[in-house]
Every structure is written in C-alpha cells, then in structure tokens.
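Here are my notes on the model you sent over. Have the structure open while you read, and go through the points in order.

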Amino acid sequence: MVAEVNRFSEAKQAYHPGGSHVRFLLNPSLVFLCLACAAGVPAAIAQSAALPPPVTLTADQDHQNMMDQLGIQALRPGPSGDENAPNHANYNESSANPFPNLPDPLTLNDGRKVTTPGMWWNTRRPELIEMFSKYVYGRVPKNVPTVTWTVTAVDHEMIGFTPVIAKDLIGQVDNASYPAISVRIHMTLVTPARAKGPVPVLMMFGRAGFPNPNEPSGDELEKINAAWKALLVQKDPSLQDVFAQHPAWQPVKATPFQFPQLNADGGLPNTWQLVADGWGFVLFDPASVQADNGAGVTRGIIGLVNKGQPRKPEDWGALRAWAWGAGRGLDYLQTDPAVDAKHVGIEGVSRYGKAALVTMAFDPRFAMVLVGSSGKGGATLLRRNFGEAVESLTGGEYYWMAGNFMKYGASKATFGSMTPGDIPVDSNELIALCAPRLTFISYGIPEKGDAKWLDHEGSFMATVDASRVFALLGAKGLDVDGDYRTAKMPPVNQGLLDGQLAWRQHDGGHTDAPNMKYFIQWADKFIGHGPPQQ
Ligand code: GCU
C-alpha cells in the first residue's frame with residue numbers, strides 16, 4: 001500500500017513541479033486517491049484521476065505552441081497551389097534547384113565515404129535514421145505502450161471472382177498509463193480462401209472494414225423479412241392490411257449485382273487484382289492511430305504517450321505515428337498463418353504515400369512498398385523549389401512532421417532563420433533507407449489531376465540518386481544514364497521496372513491504381529510468386 005501511495009505522489013508531482021507539499025496534501029484528488037487506494041481501486045484507474053484531462057488546442061494554437069517552444073517568431077508562408085494566385089508556387093524548372101547539392105547517402109557524417117555494405121548497415125543507415133527522426137519525422141517514444149490484437153469478426157466474401165476470408169481486427173493500445181485516451185487500431189485482413197499456403201500481403205492505408213460483406217441467403221432473408229413484418233405489425237396493426245395487399249413485397253431485399261467501380265484506367269479495382277493474383281491485402285485505417293489534423297496531436301497515439309500534453313520538438317508527427325501503427329499491424333500479420341509475413345508490403349497515395357515510404361524506410365520487416373503520388377515529405381526532394389514547399393509542411397501540414405522540422409521554414413527566430421538547404425537529410429536518403437528491399441515510386445500526370453504541385457521531377461531525381469545505395473547492397477536501382485542532375489525522366493507509361501528500385505509514371509490522375517498491375521508483376525518476379533494455377 002505504501003508503495004502505491006508513492007507511485008501516486010510521483011504522478012502528481014510530475015504535473016505540479018512547483019507545488020508545495022502542503023498544497024499537495026490538500027489537493028482533493030489526492031484525498032480521493034488515498035481513499036480509492038484504501039478501497040482497493042486498481043492503480044491505473046486511481047492514477048488516471050490524478051492526471052489532467054487531455055489539453056484541447058486548435059491546430060493554430062498547437063502550431064503556435066510549437067513555434068514558441070522552438071523560439072520561432074515568424075515562418076515564411078507556404079505558396080499557393082493556384083497558379084493564378086500572386087503567391088503561387090514555383091513551376092519554373094530553371095529556378096527549381098536553389099540548393100543543387102544533395103546530401104550524400106554514401107558519405108558518413110564524419111566525411112568518410114561508405115564503400116561497403118557493412119559501413120551502410122552499421123554506420124550510415126543508423127546515422128540517417130537518427131537524423132530523419134530528430135529533424136524531420138520525429139521519434140517513436142521509447143515507452144510507447146503495447147498493442148493487443150483481437151479478431152472481432154470473420155466473413156467469407158467474394159472479391160471479384162475470388163472467394164476470400166476477411167478478418168476485421170482491432171488493436172487495443174494499452175492505456176493504463178493514461179486511461180483518458182483510448183486508441184483502437186482498426187484494420188481488415190483479406191486473404192484468398194483457396195490459397196495453398198501463406199500469401200504475400202499488401203497493406204494499404206485507407207478505410208478499413210469488410211470490403212464486400214457476405215449477405216444472408218434467400219432462406220435466411222425470408223426469415224428476416226417474416227420477423228420484420230411481425231415487428232412492424234406489432235408497432236402498427238394497420239400494416240397487416242398493407243402487407244396483405246402487397247404479399248410479394250419484402251422490406252429487406254438482396255443487394256442487386258453491382259458492377260465494380262473500375263480503376264481510372266478501366267482496370268479492375270486494386271483489391272480484385274491482388275486477390276486474383278493470389279495476394280492478400282490489409283485495409284489499414286491511419287485515422288484510428290492518429291487523427292489527420294493538428295488539433296488531434298494531444299489525442300491518438302501521440303497524445304496517449306504524452307498523457308494528453310502537446311508535443312515536444314523531437315516527438316513524432318502523424319506520418320511517423322501512422323507508420324508505427326502499420327508496424328503494429330505487421331506484428332499481428334506475423335502471427336497469422338494465412339500470411340507470408342516475409343512478403344508484406346505497404347501502400348498509400350498522397351499523404352499516405354508519404355506514410356508508406358516512411359513506414360518502409362523505418363521498419364525493415366516490410367518487404368516492399370508502392371509509394372503513390374507522395375510529393376514533399378515523401379519521395380520528392382525537400383530542397384527543390386517546385387510546387388509544394390517545405391513551407392507548406394511547416395505551415396498547415398506541420399503535424400505530419402516533427403516539431404523540429406518547423407525550423408526550416410523559420411524566417412525569424414532565436415536561432416536566426418533557416419531554409420530547406422539546412423535540412424541535414426533529403427528524400428534521396430529516405431528512399432535509400434528502403435534498400436535493398438522492393439521500392440516502387442509511382443506517379444500520374446498533371447493533365448489528369450496528379451498536380452504539378454507534387455514535383456514529379458524532384459521525385460525522379462531522388463530515386464535516381466538512391467539507386468547508388470541499392471547497387472552498393474547488391475540490388476539494382478533505376479537503369480538510367482547519368483546522375484540525379486542529368487538523368488532524364490522516362491516517358492509517361494514507360495516504367496523502369498528492372499530493379500528492386502522502380503519508377504513508373506502512369507497516364508492517370510492522383511492515384512496509383514493504374515500502376516497496380518505493374519507493381520504486382522514486378523513484385524511477383526522478385527519474390528518468386530505468381531497467380532494461382534486454376
Ligand atoms: C495536399 C498536400 C500534400 C498531400 C495532399 C494529399 O496537396 O499539400 O502534401 O499529399 O494534400 O494528401 O491529398
């Protein structure tokens with residue numbers, strides 16, 4: 001009992017560092033705690049009463065809070081995406097490279113060249129992981145709580161012409177340290193029902209849930225309808241006559257066959273393509289890990305670990321939190337016999353394209369990635385000035401990143417000012433962190449809506465440069481002439497798919513769907529997999 005009381009005291013003191021002992025003793029919640037403790041109330045519940053509720057800030061207030069912590073008085077405003085606005089983003093290639101020299105993935109921080117795989121694995125990769133954590137995406141806290149997965153329901157469905165088993169899963173994060181915030185990670189695992197063994201799986205950031213719920217059969221529907229009608233008559237006896245006049249009418253009908261929503265290129269939906277080829281997929285809901293807004297950073301997994309308080313400058317942003325969540329999803333997949341856990345990939349588009357790349361870069365257990373239209377903070381170079389800017393990521397999108405990242409958008413601060421040229425790392429190195437695993441960088445075209453804002457050229461440059469790290473590790477990067485400054489982007493629809501690092505710009509919009517079939521074939525080739533024999 002004494003030990004319990006001491007634990008409460010520590011918790012209390014942590015939140016009232018200036019509080020005197022006397023005030024402490026008179027604090028009514030402590031009185032409650034002592035009573036609760038004496039009454040045998042579990043420690044976690046009692047302790048939570050001692051912790052303040054989560055801080056509620058608007059995104060603007062949270063942004064300002066981080067500026068204050070960093071000593072930033074002013075940030076350069078981000079450009080407008082509207083080409084007709086006076087402050088529109090730069091779309092002039094001749095002024096797109098104000099910092100033309102990229103940080104070199106193959107030079108150690110002490111200036112030595114990385115010449116062997118050993119130097120990469122033992123020294124350079126850890127250096128890059130540290131710098132990306134500290135300055136760009138933030139750190140995953142050491143004390144992040146454990147996740148317990150539960151299969152909440154199993155459904156036998158059809159995806160296209162393939163029978164599948166769909167499992168809906170909740171990953172409950174242990175919140176004993178701060179019960180005011182509950183985090184329940186939601187994902188759905190779908191695997192082909194007739195698979196002969198474990199299957200490769202592509203985890204996709206987006207909405208989770210049963211993709212094609214199996215409906216009651218005709219007989220079952222009849223029972224449901226009889227019950228419905230009886231209930232309705234109970235509620236309103238005059239309905240007896242109505243039903244008698246329309247004996248064939250049924251309140252619940254089987255859903256008529258619906259043709260699937262085709263991909264923009266007229267192809268079958270990604271999920272159909274995957275299961276037809278013998279893959280499984282996971283629908284992984286990032287919002288169940290961390291909200292996609294600045295007001296949410298005192299909630300979700302970030303808020304839970306911080307006990308509802310605002311972030312510190314090196315704390316993780318939403319991209320790293322989503323990536324962490326995907327990793328916990330992979331923990332589950334490693335325990336599911338339907339899954340070939342050595343061949344699990346991660347996929348996302350746009351902000352989730354960034355998240356997919358971050359996931360792959362930090363968690364070496366992921367075997368492959370399809371990075372869709374990821375732009376700044378993803379595959380494109382932070383140093384480039386074309387379309388979306390670092391100043392966009394330090395403005396409205398700041399919560400995706402570590403607080404520290406804001407420094408690179410500062411025009412007036414206690415440390416002076418900084419620019420994108422001061423960022424110690426760049427996206428060529430983020431892509432390099434995926435080496436030698438299968439990494440597919442995908443884009444569409446501006447004419448169809450994959451905006452120039454995304455900076456396709458800057459992503460290509462980064463991919464070209466990352467190729468050197470793939471080569472050092474015995475894999476193959478992009479097969480192009482020249483280096484990142486001189487290599488020419490291949491024409492649209494002409495993929496560079498020979499190596500473990502691949503590039504393809506399709507002729508569709510802001511989606512990776514038209515590249516899915518190329519991704520599947522390319523990945524199959526490297527992992528020695530193919531469509532099931534019928
Ligand atoms: C904005 C944002 C991008 C992001 C995109 C999206 O355009 O600037 O960084 O990728 O939204 O996720 O839809």
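1. Ground rules. Helices (H or I, at least four residues) and strands (E, at least two) are DSSP runs, numbered from the N terminus. The model is predicted, so local features need pLDDT of at least 70, side-chain atom pairs count only at pLDDT 80 or more, and totals for chains, interfaces and linings use all residues. Residues are numbered from 1 along each chain as its sequence is written, and side-chain values use heavy atoms, with hydrogens and water left out.

2. Ligand shell. Have a look at the ligand to begin with. Around the ligand sit Ser350, Arg351, Lys354, Glu388, Glu397, Trp400 and Trp453; a residue is near a molecule or strand if one of its heavy atoms lies within 4 Å of it. By class, the shell has four charged residues, two nonpolar and one polar.

3. Arg351 has a side-chain N or O atom 2.6 Å from an oxygen atom of the ligand. For Lys354, a polar side-chain atom is 2.8 Å from a ligand oxygen atom, and for Glu388 that distance is 2.5 Å. On its own the ligand has 320 Å² of accessible area, and the protein covers 77% of that. Those areas come from the Shrake-Rupley method with a 1.4 Å probe; for residues, only the protein chains shown count as cover.

4. Strand β11. Is β11 buried or exposed? Five of the five residues of this strand (residues 501–505) are buried, so the rest of the structure largely encloses it. Buried means under 20% relative accessible area, exposed over 50%, and partly exposed in between (1.4 Å probe, protein chains only). Both faces are covered, with Leu501, Trp503 and Gln505 buried on one side and Ala502 and Arg504 buried on the other.

5. Strand β10 (residues 438–443) pairs with β11 in the parallel sense over five bridges; two strands pair if DSSP finds at least two bridges between them. Ser442 has Arg504 as its bridge partner in β11. Going from β10 to β11, the chain passes through helix α15 (residues 456–472), and this β-α-β crossover is right-handed. Right-handed here is judged with the strands pointing away from the viewer: the path from the first strand over the helix to the second runs clockwise.

6. Strand β3 and its neighbours. Ten of the twelve residues of β3 (residues 162–173) are buried. Strand β2 (residues 147–159) pairs with β3 in the antiparallel sense over twelve bridges, and Ile159 stands opposite Thr162 in β3. The two strands make a hairpin with two residues between them, and Gly160 in the turn has a positive phi of about 60 degrees. Strand β4 (residues 184–192) also runs antiparallel to β3, joined by nine bridges. There, Gln172 has Arg184 in β4 as its bridge partner.

7. Which peptide bond is cis? The one from Ala435 to Pro436, with omega near -5 degrees; Pro436 is in the loop between α14 (427–432) and β10. Ser373 is not a glycine but has a positive phi, near 40 degrees. Ser373 belongs to the loop between β8 (368–372) and α13 (390–394) and is buried at 0% relative accessible area. Asn493 has a positive phi too, about 70 degrees, although it is not a glycine. Asn493 lies in the loop between α15 and β11 and is partly exposed, at 34% relative accessible area.

8. One more buried side chain. Arg384 is in the loop between β8 and α13 and counts as buried at 3% relative accessibility. What does the side chain of Arg384 contact? It makes a polar contact with the side chain of Asn97, at 3.2 Å.

Note on methods: Polar contact = N/O pair within 3.5 Å; in protein donor to acceptor, adjacent residues only side chain to side chain. Nonpolar A, V, L, I, M, F, W, Y, C, P; charged D, E, K, R; others polar.
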